[in-house]
Amino acid sequence: MNDGTVTAAVRPLAEALGAQVSWDEKTKTAVVVREDADAMKERVTLLEEAVAADSPREAVQTFAKGLKNRNGALQYAVMSKKMREEIGNDYTANHWQTGSSSPWYASITANEGVQNEDGTWLFELHGVLTDSTNQRRIGVSRSRL
């Protein structure tokens with residue numbers, strides 16, 4: 001730390017992440033570029049379009065699959081814009097992994113759901129949680145899509 005600022009070596013960190021680093025002498029700025037960043041964004045967009053649900057029921061089934069597999073990216077792909085705004089940062093902060101290593105869902109199902117007056121749907125997810133000792137317990141969660 002120097003006069004209240006922190007300096008870090010950008011080159012080793014950026015290169016370890018697969019980026020290229022150059023120095024712009026005119027602006028005295030390090031330029032970090034990852035050549036495949038645009039391709040990765042496009043791939044993610046196409047994957048989200050591919051798993052997009054055709055109905056609220058399909059969306060909750062996909063969401064439940066993501067919950068069972070602790071795959072926050074799959075859950076996020078079928079979330080409404082409002083849901084993404086409310087809890088999306090939690091998914092990013094947890095590196096797109098949801099849940100914990102134990103307990104986990106051995107199975108999870110959704111009820112038929114109820115459509116609210118505002119057009120959203122409310123589903124109850126019923127899951128059987130288990131752990132390495134095979135102890136099982138029922139869990140219930142409500143999801144608004």
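Begin by selecting helix 3, residues 56-68. Its 13 residues reach 18 Å from the first C-alpha to the last, close to the 18 Å expected at 1.5 Å a residue; the expected span is 1.5 Å times one less than the number of residues. Helices (H or I, at least four residues) and strands (E, at least two) are DSSP runs, numbered from the N terminus. This is a predicted model, in which local features need pLDDT of at least 70 and side-chain atom pairs count only at pLDDT 80 or more, while totals for chains, interfaces and linings use all residues. Residues are numbered from 1 along each chain as its sequence is written, and side-chain values use heavy atoms, with hydrogens and water left out.

Within helix 3, show the side chains of the buried residues: Ala59, Val60, Thr62, Phe63, Ala64, Gly66 and Leu67. Buried means under 20% relative accessible area, exposed over 50%, and partly exposed in between (1.4 Å probe, protein chains only). An α-helix has 3.6 residues a turn, so residues three or four places apart point the same way.

Next, select the residues with the most contacts inside the largest nonpolar core: Val60, Phe63, Leu67, Met79, Tyr105, Ile108 and Leu125. This core has 16 residues. Two or more residues each come from helix 3, helix 5 (81-93), strand 3 (104-110) and strand 5 (121-130). Helix 3 gives the largest share, 5 residues. A nonpolar core is a set of buried Ala, Val, Leu, Ile, Met, Phe, Trp, Tyr and Cys residues joined through side-chain atoms within 4.5 Å. In soluble globular proteins, nonpolar side chains tend to be buried together.

Centre the view on Leu67. Leaving aside its neighbours within four places in sequence, Leu67 is in contact (heavy atoms within 4.5 Å) with Gln75, Tyr105, Ile108 and Leu125.

Now follow the chain out of helix 3. Asn69 lies in the loop between helix 3 and helix 4 and is partly exposed, at 47% relative accessible area. From Asn69 to Lys41, 28 residues apart in sequence, the C-alpha distance is 23 Å. Also just after helix 3, Arg70 takes a positive phi of about 55°. Most residues other than glycine have a negative phi, and most peptide bonds are trans.

Which residues line the largest pocket? Select Val44, Leu47, Glu48, Val51, Ala73, Leu74, Tyr76, Ala77 and Trp96. On a 1 Å grid over the protein atoms alone, a pocket is an open set of points where a 1.4 Å probe fits, with protein on both sides within 12 Å along at least five of seven lines; lining residues have an atom within 4 Å of a point. The largest pocket holds about 210 Å³ of space, a volume being the space filled by probe spheres set on the points, which are joined across faces, edges and corners. Helix 2 (37-50) and helix 4 (72-77) each supply at least two lining residues, and helix 4 gives the largest share, 4 residues. By class, the lining has 8 nonpolar, no polar and 1 charged residues. Here Ala, Val, Leu, Ile, Met, Phe, Trp, Tyr, Cys and Pro count as nonpolar, Asp, Glu, Lys and Arg as charged, and the others, Gly among them, as polar.

Stay with Trp96, in the loop between helix 5 and strand 3. Trp96 is partly exposed at 33% relative accessibility, and its phi is near 65°, a positive value in a residue other than glycine. In the loop between helix 5 and strand 3, select His95 as well. His95 is exposed, at 69%. Its C-alpha is 8.2 Å from that of Gly72, 23 residues apart in sequence.

Move to Lys28, in the loop between strand 1 (20-24) and strand 2 (29-33). Lys28 is exposed, with a relative accessible area of 51%, and has a positive phi near 55°.

Then select Arg11 in helix 1 (residues 10-16). Arg11 is partly exposed, at 40%, and its C-alpha is 8.6 Å from that of Ala30, 19 residues apart in sequence.

End at Gly127 in strand 5. Gly127 is buried, with a relative accessible area of 2%. The C-alpha atoms of Gly127 and Glu48 are separated by 25 Å, and the two residues are 79 residues apart along the chain.
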